[in-house]
Amino acid sequence: MDKRVIQLLGGAMVEVNFEEPETECRKCKKKIRFATTIKNQKYIPIIKEGEAWQAHFADCQYAKEFRKPKTYAERKKEKIAKIHAKFNSLSDEEKRKFNFYQKI
Ligand SMILES: [Zn+2]
């Protein structure tokens, strides 16, 4: 097993299994690896930066899309926006029968 604890450029300590093959970021397609943070056992993508490694959240151009999980309030807001969008796309006749409490 080639498991090593390394320090990322941001300072965080992570454990990496270098026997696992490199993979690619689903979003930007750069070559990355996955590591587990020592602090709270989070599984995060990391990327090689010169001789060092850094969390891929720091350089991925799509990093914002990774931010998860959403809070309850955010999910609720999205759900309401979806229902409103659906309602607005309906005819007047359909609007009269629209059930705002449906599950979507
Ligand atoms: Zn990426």
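Select Ile83 to begin: with 16 C-beta neighbours inside 10 Å, Ile83 counts as partly exposed. On that scale, 20 or more other C-beta atoms within 10 Å of a residue's own make it buried, 12 or fewer make it exposed, and partly exposed is in between, with C-beta atoms placed from the backbone. This is a predicted model, where local features need pLDDT of at least 70, side-chain atom pairs count only at pLDDT 80 or more, and totals for chains, interfaces and linings use all residues. Numbering starts from 1 along each chain as its sequence is written.

Helices here are DSSP runs of H or I with at least four residues, strands are E runs of at least two, and both are numbered from the N terminus.

Zoom out and colour by domain: domain 1 covers 3-66 and domain 2 covers 69-104, bounds that come from an automatic or database domain assignment. Their centres, taken over C-alpha atoms, sit 38 Å from each other.

Switch to cartoon and trace the protein chain in order: β-β-β-β-β-β-α-α-α. The radius of gyration (over C-alpha atoms) is 21 Å, well over the 13 Å that the globule rule gives for 104 residues, so the protein chain is more spread out than a compact globule. That rule is 2.2 Å times the number of residues to the power 0.38. Along its principal axes, the C-alpha trace spans about 65 × 25 × 25 Å.

Last stop, colour by burial: buried residues make up 10% of the 104 in the protein chain.
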